[in-house]
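Here is a short tour of one protein model. Please look over the sequence and the structure before reading on.

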Amino acid sequence: MKNYKILFAAGALALFTATGCSDDFLDLAPISQQNSNNFYKTPEDMKNALTAVYGSLQYGGQYYSSMSIIGELRSDNTEITNPAAGADQQAVDDFTNVPVTSISSNTWNAHYQGIQAANILLDRINNVTMDDNLKERYIGEAKFLRALMYFNLVRIYGDVPLVISAINNPQEGYTYGRESTQKVYELIISDLTEAENALPASYTGADLGRATKGAAMALLGKVYLTQKNWSLAVEKLSQVVEGTGQVNYSLVDDYANLFGPANENNAESIFEVQFKGGLNGEGSPYSNQFAPIGSGTAVVAVGNPLGQNIPTNEFFQSYEEGDLRRTVSMDTSYILNGNTVRHNYIKKYISTPVSNLDSDVNWIVLRYADVLLMYAEALNEQGFVPDGPAFDYLNQIRKRAGLEEVSAVNENPALQLDSQAAFRLAVEKERRMELAFEGHRWFDLVRTGRALEVMASQGMQAHQALFPIPQSQIDINPGLMTQNPGY
């Protein structure tokens with residue numbers, strides 16, 4: 001039975017009790033363990049249960065580490081330049097990762113821990129006497145978060161176990177095998193549709209950062225885009241862009257004002273993973289993770305620089321001349337003891353942590369610029385329209401970046417997009433620059449079928465569009481769990 005702790009890691013989240021969480025939503029400390037049957041009785045109990053679901057986003061196998069490693073290091077955006085930054089990360093970068101690599105297992109376990117936490121709330125909340133509107137909202141938040149975690153899993157691993165109710169004893173875990181991506185997407189779409197209908201458009205005060213109607217709509221649009229369901233993607237994304245879905249987002253005027261503790265949850269933000277330094281493990285690690293090894297306090301004043309996700313020279317050189325986003329997103333040198341050291345590093349997440357790996361910097365999962373570019377892409381896939389609406393949305397992003405507009409006919413060949421294929425590649429490039437180091441690049445390459453073409457020179461083989469299923473999952477349930485081909 002002890003092996004069940006590996007399978008889904010459900011045991012750690014099946015049991016909770018309250019610990020006096022503060023009213024501030026940023027206080028995401030998980031509640032401790034006790035018999036859950038004796039716990040979930042009051043609205044406050046359910047609030048704490050929902051806090052545990054949000055808290056799972058901070059796990060190392062989710063947005064604390066794995067999603068940046070998979071989304072960026074696996075792609076052509078970043079690389080490991082110093083083996084001391086981590087052998088498992090080096091393997092992801094080099095396409096040499098295998099089923100026993102810890103990143104695969106950590107990512108798998110952390111996402112299923114979060115799903116288990118969501119399922120616990122969803123299983124028990126209807127038996128709790130509480131305000132109906134608040135109950136509906138909590139259900140909507142939990143379903144949004146469950147959908148987000150399943151969306152990550154299905155994009156990383158393909159077919160995965162579909163667990164939609166809490167696992168209450170070890171034997172239940174052995175009944176789950178891999179379900180088809182189609183069935184997983186059906187649940188994701190159902191959860192997001194229900195979340196959209198249940199969630200408010202915005203929050204105030206301590207509730208800032210919770211999942212909103214707009215977050216559910218934007219993620220659902222991304223799901224449809226990933227499925228290549230262009231018409232539904234256009235329909236859903238248009239509701240976000242045009243405001244017909246009763247949501248209101250806008251581009252921040254200055255790209256630099258999107259990032260850092262002073263700019264959290266701004267007008268462009270749709271959903272962020274909330275971090276807060278100095279609250280006993282609630283801070284984010286990015287400032288230290290992305291500072292070059294050996295930089296001391298030259299890049300980040302507090303903590304240990306870990307040298308992870310180093311921007312590639314090719315990426316730096318891919319920016320157009322005059323693109324204002326490059327100097328915000330990365331740098332190529334720093335000053336140490338009066339000497340200039342040439343070394344690329346990510347700047348977007350640089351702040352002064354309270355202590356090592358403990359800064360206030362949030363991780364942005366969805367923002368309005370992402371939606372505009374997805375909308376432009378979906379419109380183009382429906383049918384190329386020279387200088388049509390898709391051009392308008394693409395040019396909104398370029399204008400903020402300080403770049404000239406593209407058009408179907410242009411004296412400058414570099415700015416001329418005269419076909420669907422040309423526009424498709426232009427959107428891909430714009431997404432790369434606009435969303436640099438925000439965890440999108442690898443998933444964009446896989447979604448568009450371009451991963452092998454772009455990454456073959458780095459060692460990628462066709463089967464590596466998916467990550468391996470953790471070997472531990474196959475070992476403990478060989479009758480139902482199978483490995484992805486090629487591993």
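**Model and confidence**

This is a predicted model, in which local features need pLDDT of at least 70, side-chain atom pairs count only at pLDDT 80 or more, and totals for chains, interfaces and linings use all residues. Residues are numbered from 1 along each chain as its sequence is written, and side-chain values use heavy atoms, with hydrogens and water left out.

The predictor's confidence in each residue is its pLDDT, on a scale from 0 to 100. The protein chain has an average pLDDT of 92. A score of at least 70 is reached by 92% of the residues. Residues 1–35 are another matter: their pLDDT stays under 50. The model still has 103 contacts beyond four places in sequence for this stretch, a contact being heavy atoms within 4.5 Å. Where pLDDT is low, the predicted coordinates should not be read in detail.

**Helix 2**

Helices (H or I, at least four residues) and strands (E, at least two) are DSSP runs, numbered from the N terminus. Burial goes by relative accessible area: under 20% is buried, over 50% is exposed, and partly exposed lies in between (1.4 Å probe, protein chains only).

Helix 2 spans residues 66–73 and is mostly covered. Eight of its eight residues are buried. They are S66, M67, S68, I69, I70, G71, E72 and L73. What do these buried residues of helix 2 pack against? Their partners are strand 1 (78–79), helix 3 (87–94), helix 4, helix 5, strand 6 (363–367) and helix 16 (441–447).

Take S66, which belongs to helix 2. S66 counts as buried because its relative accessible area is 3%. Leaving aside neighbours within four places in sequence, S66 is in contact with G60, G61, I103 and T107.

**A hairpin**

Strand 4 (residues 330–336) and strand 5 (residues 339–346) run antiparallel. Six bridges join them; two strands pair if DSSP finds at least two bridges between them. Y334 stands opposite V341 in strand 5. The two strands form a hairpin with two residues between them. In the turn, N337 has a positive phi of about 55°.

**Aromatic rings**

Rings of Phe, Tyr and Trp (its six-membered ring) pair if their centres lie within 6.5 Å. Planes under 30 degrees apart count as stacked, over 60 as edge-to-face and the rest as tilted. By this rule there are 19 aromatic pairs.

Y112 and Y150 form an edge-to-face pair, 6.2 Å centre to centre with 85° between the planes. This pair links distant parts of the chain: Y112 is in helix 4 (residues 102–124) and Y150 in helix 5 (residues 132–157), 38 residues apart. Y112 and Y150 are both buried. F315 and Y319 form a stacked pair, with 5.4 Å between centres and 25° between the planes. Both F315 and Y319 are buried too. One aromatic cluster holds F275, Y286, F290, Y349 and W363.

Charges also meet rings. A charge sits over a ring if NZ of Lys or CZ of Arg is within 6 Å of the ring centre and within 35 degrees of the ring normal. The charged end of R74 sits over the ring of W442, 5.5 Å from its centre. R326 lies over the face of F316, at 4.0 Å from the ring centre.

**Salt bridges**

A salt bridge is a side-chain nitrogen of Lys or Arg within 4 Å of a carboxyl oxygen of Asp or Glu. The count comes to 31 salt bridges. The table lists some of them.

| Pair | N to O distance |
|---|---|
| R432 and D76 | 3.4 Å |
| E141 and R210 | 3.0 Å |
| E381 and R424 | 2.6 Å |

E381 lies in helix 13 (residues 368–382) and R424 in helix 15, so this pair ties together parts 43 residues apart in sequence. Are the two ends buried or partly exposed? E381 is buried, with a relative accessible area of 16%. R424 is partly exposed, at 34%. Salt bridges that share partners join E268, E320, D323, R325, K348, R367, R398, R400, E430, E434 and E438 into one network.

The other two pairs in the table have buried ends: R432 and D76 are buried, and so are E141 and R210.
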